[in-house]
Amino acid sequence: MGRVVSVAACALNQWALDFEGNAERILRSISIAKSKGARYRLGPELEICGYGCADHYYESDTLLHSFQVLAKLLESPATQDIICDVGMPLMHRNVRYNCRVIFLNKKILLIRPKLSLANTGNYRELRWFTPWNKARHVEEYLLPRIIQEVTGQDTVPFGDAVLATKDTCLGTEICEELWAPNSPHIEMGLDGVEIFTNSSGSHHVLRKAHTRVDLVNSATAKNGGIYILSNQKGCDGDRLYYDGCAMISMNGEIVAQGSQFSLDDVEVLVATLDLEDVRSYRAEISSRNLAASKVNPFPRIKVNFALSYSDDLAVPICVPIQWKHHSPEEEICLGPACWLWDYLRRSKQAGFLLPLSGGIDSSATACIVYSMCHQVCLAVKNGNAEVLADARKIVHDETYIPEDPREFCKLVFTTCYMASENSSQDTRNRAKLLAEQIGSYHINLNIDAAVKAIVGIFSMVTGRTPCFSVYGGSSRENLALQNVQARVRMVLAYLFAQLTLWTRGMPGGLLVLGSANVDESLRGYFTKYDCSSADINPIGGISKTDLKNFIQYCIENFHLTALRSIMAAPPTAELEPLVDGQVSQTDEADMGMTYAELSIYGKLRKIAKAGPYSMFYKLINLWKEICTPREVASKVKHFFRMYSVNRHKMTTLTPSYHAENYSPDDNRFDLRPFLYNTTWSWQFRCIDNQVNILSFSDVLI
């Protein structure tokens, strides 16, 4: 009857500038889509070159190699008899665009440039691309010779158009266009487009998936239609983890859901749907039909091809399903673990080294590595040959099969407790027990000799010996002595990362993991060039509150009983002398604020765009039951004073997994000065004036 269509959405683990690997994954996804009966295949945004090319987009080589891959795709037998929709950058009349290239049987049907560019947060598309601002306008694009020789075409349509096949009409959106207030699917749907496609480069943020699902469902709930979303997955070379979630929705309901976190490089989601369900859904929406009668039509590219088969009576149709969301704790368990695996295998290192202090942050990092080992073993058990091959390369054993997460952890993960005279036996025991339970290769060492040697050099040169404040030293001496300990640990971490495997008779080196959380980075509560300085940090974008919940999740799901005592202990840096053998220093006392308060400050500063005065204004209402306006003012001033004094530390912040929208990462997400007037004289005066007004009002009342 020609009413049932099969369409495919792909999630691919592409890697910036890995043209060889990217092409292979694209071709494999097309072959899988065809084998599942799909007649249309949609891939992620900029999948040919990889989304994260950044300033490499300026290079003509990136455009050249993208066209070379496109030629390879056009020539491949795998791309025959299926409409292929791939993403790449190209230049039209000396302007660079982010495009979809849609082709069928060695003929390019349409090049569709992106209309709305993502330019907030981590996205900088306007730096490299120009949006196509000519609505419903099509021009001729002159193909390069390498493509002309394959297609036999000199020019092809370029612009804002839709495809009209023999049985339906398809319209394209690219990532940000779904999130825009005037999304193209609105008027495309009014103009009779029945299938909307969206190729995305959307990264993971905690608690973000539901927003993406809601947007896709709402795109067709009011207007009817089929919505197909493809997304990149994995770490493609920087701080972001693209979290897949390929999906297909019809008439406001999800009919196919892809995974959010997995180690599969290629995932293909296929749905078979009845076009008549779209038409009948639309038929009874009178407001939609009235609007459709007045819509300005899109240019239609006619395609002599059908997405349906003539005999489809016995074809099973997909039915709506309930989207299965991960909890935030599951997201922390899986997202950073997958990111670490991609980083490890692509960097060609032999594993990780983590300074394990016995506190919540480093323990959470250790649990994420343990989760990675679980994911590797599960993927191998499920027949993932690529993961098996990568694991064998990492451990340098062509016969090895990772079956036990603890055994694999022993091979790829080294933990190191770096004790000083200020360390307690409790934290030493906690670190040792956790290492035993996850299976890491654990080292205990003492840093006192190195610390005394460095302080001794200072004393020999200056004739002065600094003391901790408990022994009569000044605050400057106290802080300097803490920093020496912290920085010695960084030096030793890198030494052991380079040579530990050598001492064990194993090849390769280790990546050093950092474990400073997002709240400590925001406050600047760490020593510059200490153990927070590492190669990568899987928890640098996660709040202390979420990490505590994650630790509880690991207790329940991984049965790591060592974490119970870690959860119960107050967070401490253990850099000041013990009192009667017990820890006297705590993080929250040192910071002058709680971690819960820090999370609130962080969200107001970044997400709510609040400066000191606006933050004070919001908090006097939020905390009116627990704080006076004067107390709120004191807290806000203290936060901004400490934040601005320590902002310079963000310039050397270890690359961290991006998980929170209030991250202070200044690489490209949170662009701020690092030399502030830390008195904030004008801003604080405005706060003081408001406090005086409120206090006077209270007196009158």
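Analyst: Happy to. A word on the ground rules: this is a predicted model, in which local features need pLDDT of at least 70, side-chain atom pairs count only at pLDDT 80 or more, and totals for chains, interfaces and linings use all residues. Residues are numbered from 1 along each chain as its sequence is written, and side-chain values use heavy atoms, with hydrogens and water left out.

Let's begin with strand S17, residues 352-355. Strands (E, at least two residues) and helices (H or I, at least four) are DSSP runs, numbered from the N terminus. Phe-352 and Leu-354 point one way from S17, while Leu-353 and Pro-355 point the other way. All four of these residues are buried, where buried means under 20% relative accessible area, exposed over 50%, and partly exposed in between (1.4 Å probe, protein chains only).

Two strands pair if DSSP finds at least two bridges between them. Strand S18 (residues 413-419) runs parallel to S17, joined to it by 4 bridges, and within S18 the bridge partner of Leu-353 is Thr-414. Strand S20 (residues 511-512) also pairs with S17 in the parallel sense, over 2 bridges; here Phe-352 stands opposite Leu-511.

Phe-352 also leads us into the largest nonpolar core, which has 63 residues. A nonpolar core is a set of buried Ala, Val, Leu, Ile, Met, Phe, Trp, Tyr and Cys residues joined through side-chain atoms within 4.5 Å. Trp-341, Phe-352 and Phe-413 touch the most other members of that core. Helix H11 (residues 360-381) gives the most to this core, with 12 residues. Domain 1 (4-323) and domain 2 (329-591) both contribute residues, so the core lies between them; the domain bounds come from an automatic or database domain assignment. Leaving aside neighbours within four places in sequence, Trp-341 is in contact (heavy atoms within 4.5 Å) with Leu-263, Met-372, Val-376, Val-387, Asp-390, Ala-391, Ile-394 and Phe-408. Apart from this core lies another, of 52 residues, including Ala-38, Cys-53, Ala-71 and Tyr-141.

Now for the charged pairs. With a salt bridge taken as a side-chain nitrogen of Lys or Arg within 4 Å of a carboxyl oxygen of Asp or Glu, the count comes to 33. In one of them, Lys-114 pairs with Glu-45, their closest N and O atoms being 2.7 Å apart. That pair links distant parts of the chain, 69 residues apart: Lys-114 is in the loop between strand S5 (107-113) and helix H3 (125-128), and Glu-45 in the loop between strand S2 (40-42) and helix H2 (60-75). Lys-114 is buried at 1% relative accessible area, and Glu-45 is buried at 0%.

Arg-127 and Asp-55 also meet in a salt bridge, 2.9 Å from N to O. Arg-127 sits in helix H3 and Asp-55 in the loop between S2 and H2, 72 residues apart. Arg-127 counts as partly exposed at 48% relative accessibility, and Asp-55 is partly exposed at 35%.

One more pair is Glu-139 with Arg-93, at 3.2 Å between the closest N and O atoms. Glu-139 lies in strand S6 (residues 138-142) and Arg-93 in the loop between strand S3 (83-92) and strand S4 (95-104), so the pair ties together parts that are 46 residues apart in sequence. Glu-139 is buried at 9%, whereas Arg-93 is exposed at 57%.
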